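Visitor: I'd like to learn how to read a structure feature by feature. Could you walk me through one?

Guide: Gladly; let's look at it together.

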Amino acid sequence: MHAALQMALINLNHPAHYLGIGPFQVSVGNLIVILSMFVILALAIFIPFPDGKDN
Amino acid sequence: MVMKVDPSKKWTGPVRSYDIIKEGVIAVVVVGLLAAGLSLFFSSPDEPAVTLKSWAMTNPADFAQTATGELAGTTTSAGYGAPYNHAAKGPTLGPLKLQDWAGVRIPVDPAKSFVVEPLLMMNNVDATSSAESWKAATPDQQNKWATAYADALGKVDGATSIPDTKNEFGPVPTMVSSLLVMAKSGALDGALTTSDTPLPTNFTKPLLFLADSEGYFGDLASKQHLGGDQWGVMNETGSWPGQSWLWLFSLWYQIEPFKSSGNADTLVMTLMGLLTLCLALFPVFPFIRKIPYLIPIHRLIWKKWYARKL
């Protein structure tokens, strides 16, 4: 296990950082994934479809 | 204004070709490469297993107190109800006794399953004779011994055994000390995982026993932010991202009245079921179904078509 983790370029096997306001709490890892999903949603909306296939 | 469309009529508007096989292959390949690539950079969570042995080695006093609690019938599993025993009715939803009606399908008597039966398997005269003495006593006598010993253990921080100066603990100190020795050797893990199956594949009993721990198991979960009051359902061990899509399930457990309710699981699952039903019925709610007209995100996606219409 430890050998495999050492081989990974970025070691995440340490206590996570958490952000929170009141009852709301989220880990930095989860926050990055959630923000990434918003970015992908925005790209999916704004990037145009490939042209030339409409009939 | 809502356009009325006759579903029996064939679509006569514009169409565009769409190769779903090509899209699917691209999606699988891209996600596969992304997963393989990210695993090279970040590896994956690989926490060592939590066992009865690790518990007994790390916090023997907590183990001894919990084992005594199993004999006294004061632990969570002893009073859980279905599917393990009839000690409680469990969560209800109004008049619906959901847990109770499911019935006792995995019978577990914690004192017998976690303590007495493993001791009878030990190759140790003191352990087996103490377990036999326990079995021969009346339930009332057993309860007096175990309760007295639990009280005595609870008064001394870090104690794994207490001398029986007033002769009030019966065989309990020997049983608990023997079980601790068995757990430290790893034999208790084997005994509980193979008590119902020939291969060590059934972890119900060791998990119930571990979950009864007052100090060890809860602390491990709390350090990793996996507790129910820490949005634990969303989190993963270490710094890896967890199950962020479960945020709405987790949210209810952080706020009242769910947070302090002993019936929180049933209330949250019912609420989520109702919300899911509302989502499915989105098109039939008078105001909500007009939201796309008020916030026309679809016009951004099909902007070329709407630009042409104008």
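**Reading the model, feature by feature**

Guide: Let's begin in a loop: His225(B) sits between helix H11 (216–223) and H12 of chain B. Keep in mind that this is a predicted model.

Visitor: What is the phi of His225(B), and is the residue buried or partly exposed?

Guide: Phi of His225(B) is near 55°, a positive value in a residue that is not glycine. For burial, we count neighbours: 20 or more other C-beta atoms within 10 Å make a residue buried, and 12 or fewer make it exposed. His225(B) has 19 other C-beta atoms within 10 Å, so it is partly exposed.

Visitor: Which loop holds Trp231(B), and is that residue buried or exposed?

Guide: Trp231(B) is also in the loop between H11 and H12 of chain B. Its phi is positive, about 60°, although Trp231(B) is not a glycine. Here the count is 27 other C-beta atoms within 10 Å, so Trp231(B) is buried.

Visitor: How do I read helix packing? At what angle do H5 and H6 of chain B pack?

Guide: Look at the angle and the axis distance. Helix H5 (residues 110–121) and helix H6 (residues 125–136) of chain B pack at about 135°, their axes 8 Å apart. That angle makes H5(B) oblique to H6(B), and their crossing is left-handed. On the H5(B) side, Val116(B), Leu119(B) and Leu120(B) take part, meeting H6(B) residues that include Ala127(B) and Trp134(B). By class, this contact has six nonpolar, two polar and one charged residues.

Visitor: And chain A: which pattern does it follow along the sequence?

Guide: Chain A reads α-β-β-α. Its strands E1 (residues 18–21) and E2 (residues 24–27) run antiparallel, joined by four bridges. Ile21(A) stands opposite Phe24(A) in E2(A). The hairpin has two residues between its strands, and Gly22(A) there takes a positive phi near 60°.

Visitor: Last, how many residues of chain B contact chain A?

Guide: 24 residues of chain B are in contact with 24 of chain A. On the chain B side, H15(B) gives the largest share, three residues. That side divides into twelve nonpolar, ten polar and two charged residues.

Definitions and conventions: Residues are numbered from 1 along each chain as its sequence is written. Chains are lettered from A and ligands numbered from 1 in the order in which they are written. This is a predicted model: local features need pLDDT of at least 70, side-chain atom pairs count only at pLDDT 80 or more; totals for chains, interfaces and linings use all residues. Axes are lines fitted to C-alpha atoms, for helices over the stretch in contact, and angles run from 0 to 180 degrees between N-to-C directions. Angles under 35 degrees count as roughly parallel, over 145 as roughly antiparallel, 65 to 115 as roughly perpendicular and the rest as oblique. A crossing is left-handed if the near helix is turned anticlockwise from the far one by less than a right angle, and right-handed if clockwise. Two residues are in contact if their C-beta atoms, placed from the backbone, lie within 7 Å. Ala, Val, Leu, Ile, Met, Phe, Trp, Tyr, Cys and Pro count as nonpolar, Asp, Glu, Lys and Arg as charged, and the others, Gly among them, as polar. Two strands pair if DSSP finds at least two bridges between them.
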